[in-house]
Amino acid sequence: MKLETVVGSLALAAALTGGTTFAQDFAYGMAEEPPKDEVPVPAQLSLALRDAPREDLEPDSDPSFLPDLPILVDGVKYTAQQIEAQDIHLSHYVLDTRSEAMGVVQGFRTTGDLTTYFDSTGQFPSEKPTAARGATPCWTGTMYYEHPSYVGSYLGLAPGLGFSYVGSRMNDRISSLKSTPCGSWTALFEHAGFRGHVLWIGKGVNVSYLGNYGWYTGTVFWSWWNDRVSSTLVFW
């Protein structure tokens, strides 16, 4: 790669993620220039705040997979087997500092249940910077990595933006991430176009391996989040 190409890539990364964080990671990232098929779009709450439909089986899913962490639904802890046995279909899964403190993933059947949680915890996502989160916005974004433990190719996204398609280089290849310390939430979607089930990662939460988390398809079995993300949004 030519030096000017490297410099140009770094400049773009700095504009999206706040500069130093992405620049430091760049030394451990890609060895070649990424394809240009990921195009940031403004983050819209309406894209994420909707119920996910039940789905048919996907041929690349592993029917033996069950997530280890209990799932907290309406104040009750369930194992993955119980969710499946009782056919509890959840549209949204949440991993934030409260989830970590309780040692669970939180599950919400409907968008209404999820927004009640956002309101009650003062974590309602915003499309634009809010006074409550600082008069001077911080621009450090979410970092998505190809492999567990934050290595391999990567992608950066600033708060207030989204990718309706994470690009051919990263589609169904994201295995770990560092959620923005500046915004409120990073939303991961199983399909392009912000479709399917949603995993919400809270502000400043790092996930070293997405394969530890999954969603119940609402038909037969669980799918995991490793190598399954196709679109994403980062909110203030």
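How many bridges pair strand S9 with S12, and in which sense? I looked this up first. Strand S9, residues 176–178, pairs with S12 over two bridges, in the antiparallel sense. I noted what pairing requires: DSSP has to find at least two bridges between two strands. I also noted how elements are named: helices (H or I, at least four residues) and strands (E, at least two) are DSSP runs, numbered from the N terminus.

**Entry: ground rules**

I am reading a predicted model, where local features need pLDDT of at least 70, side-chain atom pairs count only at pLDDT 80 or more, and totals for chains, interfaces and linings use all residues. Residues are numbered from 1 along each chain as its sequence is written, and side-chain values use heavy atoms, with hydrogens and water left out.

**Entry: confidence and overview**

I checked pLDDT, the predictor's confidence in each residue, from 0 to 100. The chain average is 83, and 78% of the residues score at least 70. Residues 1–34 stay under 50. For that stretch the model has 42 contacts beyond four places in sequence. A contact means heavy atoms within 4.5 Å.

I listed six helices and 15 strands in the chain. The chain has 236 residues, and 52% of them count as buried. Buried means under 20% relative accessible area, exposed means over 50%, and partly exposed lies in between (1.4 Å probe, protein chains only). I then looked at contacts between residues at least 6 apart in sequence: 71% of them join residues at least 24 apart.

**Entry: the open sheet**

I went back to S9 and S12. They belong to an open sheet of four strands, ordered S7-S6-S9-S12, with antiparallel pairing. Strand S7 (151–157) and strand S12 (206–207) stand at the edges with a single partner strand each, so one side of each has no neighbour in the sheet.

**Entry: strands around S5**

Strand S4, residues 92–95, runs antiparallel to S5, and three bridges join them. I wrote down two bridge partners. Tyr-93 goes with Gly-107 in S5, and His-92 goes with Phe-108 in S5.

S4 also joins strand S11 (residues 195–202), by four bridges, and these two run parallel. Val-94 has Trp-200 in S11 as its bridge partner.

I checked the directions of the residues next. In strand S5 (residues 105–108), Val-105 and Gly-107 point one way, Gln-106 and Phe-108 the other way, and all are buried. In S4, His-92 and Val-94 point one way and Tyr-93 and Leu-95 the other way; all of these are buried too.

**Entry: the cavity**

How many cavities of 30 Å³ or more does the structure hold? I found one. A cavity is a set of points on a 1 Å grid over the protein atoms alone, where a 1.4 Å probe fits but cannot get out; lining residues have an atom within 4 Å of a point. Grid points are joined across faces, edges and corners, and a volume is the space filled by probe spheres set on the points.

The largest cavity holds about 70 Å³ of space. I saw Tyr-93 and Val-105 again in its lining, which also includes Pro-67, Ile-71, Trp-222 and Trp-225. By class, the lining has eight nonpolar, two polar and no charged residues. Ala, Val, Leu, Ile, Met, Phe, Trp, Tyr, Cys and Pro count as nonpolar, Asp, Glu, Lys and Arg as charged, and the others, Gly among them, as polar.

Is Glu-38 buried or exposed? Glu-38 is buried, at 14% relative accessible area. I placed Glu-38 in the loop between helix H2 (20–26) and strand S1 (40–42). Leaving out residues up to four places away in sequence, Glu-38 touches Leu-155, Phe-163, Tyr-165, Val-166, Gly-167 and Arg-169.

I then checked phi. Most residues other than glycine have a negative phi. Tyr-150 is not a glycine, yet has a positive phi of about 65 degrees. Tyr-150 lies in the loop between strand S6 (142–147) and S7. Tyr-150 is partly exposed, at 23% relative accessible area.

Asp-172 also has a positive phi, near 55 degrees. I found Asp-172 in the loop between strand S8 (161–163) and S9. Asp-172 counts as partly exposed, at 32% relative accessibility.

Terms used:
1 Å grid on protein atoms, 1.4 Å probe; cavity = no way out; pocket = protein on both sides within 12 Å on 5 of 7 lines; lining within 4 Å.
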